[in-house]
Amino acid sequence: MVATRRTRKRKNSPGEPSTQSSSSSTQASKKMKVEQQKGQQSKGKGKDREDDMTEEDLVNIQAANDEQEDEEDDIEEDDEEEDDAIDWENIQLPLRFENQDSIKEDIDADTLTVYNDVEIVMKTPRVVLKESNWEKAYQRNLRQWMHHSHVVLLIAHYKLRNEWCLNANMKNVCLSVIPDNCMRLLAKDSSESALKTGIKWLVKWWQEFFVLTGPGLLTKPYLEVENHYNGFKTLKEWIDSHQSDQNGDYIEDLEAFMQLLVSKAGTRDTSAEVFAAILRACGCDVRLVASLQPLPYKIPPSTTSKTAAEDPPQETTEDSSNKPIFKYRAPTKAYVDPNVQLKEAKAKPPTVWCEVYCTDSKRWMTIDPIRGHIDKPTLMEPATLNRTNHISFVLAFDNQNKVTDVTRRYTSNIDKAMRLRDRPLTRREKEGGMKPWSETMLARVCHKKITERDRLEYEEMEKQQSRQVMPSAIGAFKNHPLYALERHLLKYEVLHPKEPVLGSIRGEKIYPRSNVKTVNTAVNFRKQGKQIKTGEQPIKMVNANVFTIEKKRLQEQAKQDGYPLSVACYGEWQTEPYIPPPVINGKLPKNEYGSIDLFTPNMLPQGAAHIPIKGIGKLARKLGIDYADAVVDFDFVKMRAVPVTDGIIVIEQEKWLLLEAWDEHEQAEAIKAIAKQEKDVYIRWRKLIKSLLIKARVDRAYEPQNNVDKWENFNSNKGGEADVRGGGFLPESDQEDN
DNA sequence: GTGCAGTAATCGCCTTTGTGAAAC
DNA sequence: GGTTTCACTTTGGCGATTACTGCA
């Protein structure tokens, strides 16, 4: 849409558009009106252009305020002066101007472009401000909260499903469909081989009996879920969409669950769940095992999400109806029946399966009723590159609906599983004794009564975890609990001592992890109440962290001098407890700032005493007692380190004198406070009594009976002049006073 | 198929001795 | 007018970690 606009070029910078804050939109429309009217007046040059007046101009005219007329006169004068500068040109208008109803609404939201003195509301891209740290932290917390909530809800979900599998009616329905021969095989004897044979037949029958419609619950990238949820306005809308989604694994109630068994079709998850009920109906001790697929708590790097969005879906059976069509969705990938694909022996592992307890071997056997694997727990671990199935929480729900964490049985990388469970605690959180959320949550969810069976299972999983052989890939040495390579040492880590060498990989020596030691700067050790032994040489030099303005200056200086600003690091074995200089001749050993560092109690100088009372320094000064502020920590404000003090340090002999004086001072302060309080009480009472007296006087003057009488007096005087002074409304006494 | 270097993104750690205005 | 208290502030660089790509 192109419109011809009357514009006036600025004398100093012709044709150069400038912008103005959108908050001035009202003013803008007023000016627009003025401009339009000027256009009508200046017929010589503007007449032929008037016909080209756009809809927005008309709207802006309507929106103009009459109060602007005074301003208009002033502008008219200017207009005459600048008439020669008027110019016309064609400009491209945004499409939305075609709908004039929307203009008013949009005016505030859009950017005003001042083109000379004609202001055009244009749809311009907003300036994307850098996300603040607060916003980032909020989003991070939100993601974490969603992750936690999702884990809890998934546990509740599987507890409910397991409860359905335990239901007596469900058992009856199961018994009505199980072939007799399978029942007979399972009831034969309790040996492991007999149990396996029985289950094998049952699984074979089940694979043919139950038709798979989709994969069930899978992990979805955070951004995909966020977009998905944003698409619904209400919770009901969302629930409705899931009820109609065949792969969403939504089952309304137990009846619907039983109906799926009767109709012989459902998702992969449902199949495994119903199979647990089938096994229970056959008299087996069964656990329903679920590998929870919660919403991740962290967003992967954008490259990840980008490629994830462009890659073909991992599970070809996933519903694609609501997804955008990408280039790759060409006929290269033909539709594969989930009932065929998911049941293949080499198919990707499911997220729900079963465990059957064998009383003979006293252990739990893994049953994958989907792919038909029996007692093969290692096959339940998804590939590292599988984006829709991650192992973090593998929970088993038994026939009493008790929960057991069996993750270690199903993953070769328990560290990764732990990382996926929860955000790692920060150093401060660990120091503060905080426990990971998942640990606390599982302690509440999992059953606490440990039986002999549980103990054996725990030991078996422990053994499995400790069976770790020396890695054959360099990358696998990173964070390995037993072995370490020099290349993977962190900034504040060294190998001490550099022996024994346990082996080598591609020419690199392998050291025991126990030889990896953390080092620290002398300043950091001082904060721990330690000092570097005399004559010790730094074991490592690291780049200094530049945080404070002073450090920044030093760094700049170092840069100019042509060397990096580095700092010496020492190992713990190179330190000894810090011994502060003692009090000599009653003189406190203050530092250059007039304070004493007291990061740990052992930093208190011999012969001195610490009094951790706020404000006591003032009293000490009053009494002429020498003291130093006790610096216990640092705060960092505006790129500056600010010492945090906790009371004062005085020489030991003066401690009690000062404390006695402090007691007296406190008592005197208390007496003062009581006196002040009493005074305040008297003032309040006085105020209250005065208020009550005034109220009583007002009530007396305006009480209803009095008012009726006065109103009657007023009406009787209607013919003549009313007593404006109040017609006697004021009490007589007051009138007299007046 | 596997290992590895490089890359990009996220996120937490580190930092070590003020300042100005308002209230008292 | 001197002293004390309080609010100010979410910086910014770096390293660890992770997941991916591309190459050997």
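This report walks through selected local features of a predicted model.

## Salt bridges

The model holds 23 salt bridges. Three of them are set out in the table below.

| Pair | Closest N to O distance | Places in the chain |
|---|---|---|
| Glu 355 and Arg 287 | 2.8 Å | strand β9 (residues 352-358) and strand β8 (residues 286-292) |
| Arg 409 and Glu 457 | 2.8 Å | helix α16 (residues 407-410) and helix α20 (residues 452-466) |

Take Glu 355 and Arg 287 first. They form a salt bridge, with the closest N and O atoms 2.8 Å apart. Glu 355 sits in strand β9 and Arg 287 in strand β8, so this pair ties together parts that are 68 residues apart in sequence. Are the two partners buried or exposed? Both Glu 355 and Arg 287 are buried.

Next come Arg 409 and Glu 457. Their closest N and O atoms are 2.8 Å apart. Arg 409 belongs to helix α16 and Glu 457 to helix α20, so the pair ties together parts that are 48 residues apart in sequence. Both Arg 409 and Glu 457 are buried.

Asp 633 is partly exposed, at 31% relative accessible area. Lys 527 is also partly exposed, at 37% relative accessibility.

Glu 664 lies in helix α24, which covers residues 652-702. Its relative accessibility is 57%, so Glu 664 counts as exposed, the cut-off being over 50%.

Ile 689 is found in helix α24. At 46% relative accessibility, Ile 689 counts as partly exposed.

## Cis peptide bonds and a buried asparagine

Where does the model have cis peptide bonds? One joins His 496 and Pro 497, with omega about -5°. Another runs from Glu 499 to Pro 500, with omega near 5°. Pro 497 is placed in the loop between β15 (493-495) and β16 (503-505). Pro 500 is in the loop between β15 and β16 as well.

Glu 499 also takes part in a contact with Asn 515. The side chain of Asn 515 reaches the backbone oxygen of Glu 499 at 2.7 Å. Asn 515 is found in the loop between β17 (508-512) and β18 (516-521). At 9% relative accessibility, Asn 515 counts as buried. The reason is the cut-off: buried means under 20% relative accessible area.

## Positive phi angles

Lys 362 has a phi near 55°, a positive value in a residue other than glycine. Lys 362 lies in the loop between β9 and β10 (363-368). Its relative accessibility is 54%, so Lys 362 counts as exposed.

Asp 375 has a positive phi too, of about 60°, although Asp 375 is not a glycine. This residue is placed in the loop between β11 (373-374) and β12 (393-397). Is Asp 375 buried or exposed? Asp 375 is buried, because its relative accessible area is 17%.

## A proline in helix α15

Pro 338 is found in helix α15, residues 338-341. With a relative accessible area of 4%, Pro 338 is buried. Pro 338 and Arg 268 are 70 residues apart along the chain. Their C-alpha atoms are separated by 9.0 Å.

Conventions
Residues numbered from 1 in each chain as written. Chains lettered and ligands numbered in written order. Predicted model: local features only at pLDDT ≥ 70, side-chain atom pairs only at ≥ 80, totals over all residues. Heavy atoms only, no water. Helix = DSSP H or I, 4+ residues; strand = E, 2+ residues; numbered from the N terminus. Buried < 20%, exposed > 50% of the residue type's maximum accessible area, 1.4 Å probe, protein only. Polar contact = N/O pair within 3.5 Å; in protein donor to acceptor, adjacent residues only side chain to side chain. Salt bridge = Lys/Arg side-chain N within 4 Å of Asp/Glu carboxyl O.
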